Amino acid sequence: MSADRPGRDQPRDDRRNDRGRQRGAARSRGQGHRSGQAPSQRRRSTDPARTAAYDVLREVDGSDAYANLVLPPLLRERGLSGRDAGFATELAYGTLRLRGRYDAILARCVSRALDQLDPEVLDVLRLGAHQLLGMRVPAHAAVSETVGLCRDRVGAGPAQMVNAVLRAVGRRPLEEWLDDLRADAPDAVTGLARTGSHPVWITRALREALHGHGRDAGEIADLLEADNTPPRVTLVARPGLVAADALDDGAPDAVRLEPGAWAPTARVLAAGTDPADLPAVADGRAGVQDEGSQLVTLALAAVALDGPDARWLDLCAGPGGKAALLAALAGERDARLVANELQPHRARLVRRGLRAALEGVVEQVRTSDGRELGTEEPGGYDRVLVDAPCTGLGALRRRPESRWRRTPADLGVLTRLQGELLGSALDAVRPGGVVAYVTCSPHLAETRLVVDDVLRRRDDVERIDARAAVRDVLVPGAQIDLGADDGGADGLDVQLWPHVHGTDAMHLTLLRRAA
């Protein structure tokens, strides 16, 4: 039992002073911090950046919101920019990414189970832990400001406990805490999950996915670390609408862009720059899109077809990034695009993403169930993209809260849906046409196993070489590591990885309908 737990095993009578008044757990052990100020003079609030980070965490926890949708408008509303905006962003995102690690540490410093704490108090403690162990914030400032945040947003009651717990956290450096978490773990995977801040089931699934997709399972620690590293903002220059080298035309002088590593359409934005400052992004000729997402879309368009190449389909188009890139590519070939999306609000996002497409390229933005489209329009398309709904385990660095929301039970529902969508896409493509099955997850159940299950029930489909298609669209001279090539499915499919390619963990399988 840790000696750092305030109040643990403390006799009740020892917590009263000579006047019979109850004392706090930490002060009863002589560890309390007594302020030189009178209670009325103590700071009861904190700075706007910490307050903003706290409010984001409460929205994420209380409303199932996504931080990347909550934080930007909140910063604008409160007038936070520059260093304050950067601090709030790192504090909010860093706390969400490393929540599992901090919870494991906090559990050693709190006298009761964390799930018995008020959620508001727990979020305050997590924010304080990240400042102490994950940011270059002086310990005294991290503690005092977080206590002030507690008084302001939660109340004065828990402030003494927050003060004592954070002082216990700050007494040891991060590496000592991590050593303890590893030493106490029942097995290596649990130790990695705690220190790498992923649920155990996700850590195990990612380790199996590495091996199943032809990589060394020993890369798991590097993969978890990559998931906990903030990604850089990558832009896509939509062909025919804007050249990649002209993306910064009309932008402020401070905007800096670097070429992507793999996709000729990709440019990486310097930290601290708002993509909306670029006119091409503002008017839809360019957009924010992960480089892996660009690669799989470009690869579908690169596959050679026998026969017509006039009508393309994005079966699950929301929120519209891949659809916008497909529309730009279709426009260069006089092809038309149909974008289908089940949810009306996501269909509206697709329409907005397609606003810059050349006239006549977008045939329709449909709002319908993609599982029915193959029956409604059999053989009606030459190229079909199935960007299937998935667990999102490949984008945890962008949506860190997803790792704490997903459960193994989600897989059954999602894999059934993925199989039905893929089957519909294969019905919708003409003989000789091509389907791209894409997920932002490397989980074997959502990638290889879904495709294998669909193909077992059909004799009119063949797997084609997705790796060759990706290599065909790379920037000249780029050499990409796509893992072991065994000549089977794993030698044809593409699985990208954050720790190897610097992209989201996008999966691509290419299938041709038999002529």
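Analyst: The salt bridges come to 43 in this predicted model. Side chains of opposite charge can pair when their charged atoms come close.

One of the salt bridges joins the side chains of Arg153 and Asp55, with 2.9 Å from N to O. Arg153 belongs to helix α7 (residues 139-153) and Asp55 to helix α2, so this pair ties together parts that lie 98 residues apart in sequence.

A second pair is Arg430 with Asp382, where the closest N and O atoms are 2.5 Å apart. Arg430 sits in strand β9 (residues 429-439) and Asp382 in strand β8 (residues 381-387), so the bridge ties together parts that are 48 residues apart in sequence. Arg430 has a relative accessible area of 10% and is therefore buried. Asp382, at 6% relative accessibility, counts as buried too.

Arg456 and Asp453 meet through their side chains in a salt bridge of 3.5 Å, N to O. Both residues lie in helix α20 (residues 448-456), three residues apart, which is about one turn of the helix. With a relative accessible area of 62%, Arg456 is exposed; Asp453, at 32% relative accessibility, counts as partly exposed. Elsewhere, salt bridges that share partners join Arg311, Arg336, Glu363, Arg366, Glu376 and Glu377 into one network.

Another arginine to look at is Arg126, in helix α6 (residues 119-134). Arg126 is buried, as its relative accessible area is 8%. Leaving aside residues up to four places away in sequence, Arg126 touches Thr95, Arg99, Tyr102, Asp103 and Leu106.

Pro48 is exposed, with a relative accessible area of 51%; the class applies because the cut-off for exposed is over 50%. The C-alpha atoms of Pro48 and Asp84 are 7.9 Å apart in space, for a separation of 36 residues in sequence.

Next, the cysteines. A disulfide is a covalent bond between the sulfur atoms of two cysteines. The structure holds zero disulfides. For Cys109, which is in no disulfide, the nearest cysteine sulfur is that of Cys150, 16 Å away. Cys150 is likewise in no disulfide, and the nearest cysteine sulfur to it is that of Cys109, at 16 Å. A disulfide would need the two sulfur atoms within 2.5 Å, so the 16 Å separation rules out this pair. Cys109 is buried, with a relative accessible area of 0%. Cys150 counts as buried as well, at 0% relative accessibility.

The axes of helix α11 (residues 200-212) and helix α12 (residues 220-227) come within 10 Å and cross at roughly 120°. That angle makes α11 oblique to α12, because roughly perpendicular covers 65 to 115 degrees and roughly antiparallel starts over 145. The crossing of these two helices, α11 and α12, is right-handed. On the α11 side, the residues in contact are Thr203, Leu206, Arg207 and Leu210, and they meet Ile220, Leu223, Leu224 and Asp227 of α12.

In the other pair, helix α14 (residues 291-302) and helix α15 (residues 321-331) have axes that come within 10 Å and cross at roughly 35°. The crossing of α14 with α15 is right-handed. From α14, the contacts come from Ser293, Gln294, Val296, Thr297, Leu298, Leu300 and Ala301. Their partners in α15 are Lys322, Leu325, Leu326 and Leu329.

Conventions. Residues are numbered from 1 along each chain as its sequence is written. This is a predicted model: local features need pLDDT of at least 70, side-chain atom pairs count only at pLDDT 80 or more; totals for chains, interfaces and linings use all residues. Side-chain values use heavy atoms; hydrogens and water are left out. Buried means under 20% relative accessible area, exposed over 50%, partly exposed in between (1.4 Å probe, protein chains only). A salt bridge is a side-chain nitrogen of Lys or Arg within 4 Å of a carboxyl oxygen of Asp or Glu. Helices (H or I, at least four residues) and strands (E, at least two) are DSSP runs, numbered from the N terminus. Axes are lines fitted to C-alpha atoms, for helices over the stretch in contact, and angles run from 0 to 180 degrees between N-to-C directions. Angles under 35 degrees count as roughly parallel, over 145 as roughly antiparallel, 65 to 115 as roughly perpendicular and the rest as oblique. A crossing is left-handed if the near helix is turned anticlockwise from the far one by less than a right angle, and right-handed if clockwise. Contact means heavy atoms within 4.5 Å.
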